[in-house]
Amino acid sequence: SPKKTWEGTMAGLIGACAVGVFFQIGFLRQQLKLTEAVGLSLLVGILAFASDLGESVLKRGAGVKDSSLLLPGHGGVLDRFDSFLLTAPFYYYYWSFLKR
């Protein structure tokens, strides 16, 4: 997206790490070490950002502003879930195979 800023990107990554620390302290103490939670959160934040940019590139290549008319003014349904395109598979495989 052309209006993204470095400040917004950093705020998103810091927010992702803060949420990861919160869940590690509150719910996942037995499953994740604190450093692992921060690393996982940082990686998921980067993947979410990359996924959003990738979806924007696809839309720009197709010459469309909104991916559908279902949610007018919001970029379409795909814009609401574009961050999950890379993060959901990564998160699934992380917990399924690396944390067994």
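**View A. Glycine 54 is a residue of helix 2.** The model is predicted, so local features require pLDDT of at least 70 and side-chain atom pairs count only at pLDDT 80 or more, whereas totals for chains, interfaces and linings use all residues. Residues are numbered from 1 along each chain as its sequence is written, and side-chain values use heavy atoms, with hydrogens and water left out. Helices are DSSP runs of H or I with at least four residues, strands are runs of E with at least two, and both are numbered from the N terminus. Glycine 54 counts as partly exposed because its relative accessibility is 31%; buried means under 20% relative accessible area, exposed means over 50%, and partly exposed lies in between (1.4 Å probe, protein chains only). The C-alpha atoms of glycine 54 and leucine 85 are 9.4 Å apart in space, although 31 residues separate the two in sequence.

View B. Along the sequence the pattern is α-α-α-α. Of the 100 residues, 23% count as buried. Contact means heavy atoms within 4.5 Å. Among contacts between residues at least 6 apart in sequence, 56% join residues at least 24 apart.

**View C. Helix 2 covers residues 34-62.** At 1.5 Å a residue, its 29 residues should span 42 Å, and the end C-alpha atoms are 42 Å apart, which agrees; the expected span is 1.5 Å times one less than the number of residues. Its buried residues are Ala37, Leu40, Ser41, Gly45, Ala48, Ser51, Asp52, Glu55, Ser56 and Lys59. Helix 1, helix 3 and helix 4 are among the elements that cover them. After helix 2 comes glycine 63, whose phi is positive, near 75°.

**View D. Helix 1 (residues 6-26) crosses helix 2 at roughly 140°.** The two axes come within 8 Å; axes are lines fitted to C-alpha atoms, for helices over the stretch in contact, and angles run from 0 to 180 degrees between N-to-C directions. The crossing of helix 1 past helix 2 is right-handed, a term used when the near helix is turned clockwise from the far one by less than a right angle, left-handed being anticlockwise. On the side of helix 1, Thr9, Leu13, Ala16, Cys17, Gly20, Val21 and Gln24 take part, and they meet Leu34, Ala37, Val38, Ser41, Leu42, Gly45, Ile46 and Phe49 of helix 2. This contact divides into ten nonpolar, five polar and no charged residues. Here Ala, Val, Leu, Ile, Met, Phe, Trp, Tyr, Cys and Pro count as nonpolar, Asp, Glu, Lys and Arg as charged, and the others, Gly among them, as polar.

**View E. Helix 4 (residues 84-98) packs with helix 2 through the contact listed here.** Thr87, Tyr94 and Ser96 are buried in helix 4, and helix 2 is included in what covers the buried residues. The axes of helix 2 and helix 4 come within 7 Å and cross at roughly 150°. The pair is therefore roughly antiparallel (angles over 145 degrees; under 35 is roughly parallel, 65 to 115 roughly perpendicular and the rest oblique). Helix 2 passes helix 4 in a right-handed crossing. Glu36, Leu40, Leu43, Val44, Leu47, Ala48, Ala50 and Ser51 of helix 2 meet Leu85, Leu86, Thr87, Phe90, Tyr91, Tyr94 and Trp95 of helix 4. By class, this contact has twelve nonpolar, two polar and one charged residues.

**View F. Alanine 48 is shown with glycine 12 and with phenylalanine 81.** Glycine 12 belongs to helix 1 and is partly exposed, with a relative accessible area of 43%. Glycine 12 and alanine 48 are 36 residues apart in sequence and 9.6 Å apart in space, C-alpha to C-alpha. Phenylalanine 81 is placed in helix 3 (residues 77-81) and counts as partly exposed at 48% relative accessibility. Its C-alpha atom is separated by 9.9 Å from that of alanine 48, 33 residues away along the chain.
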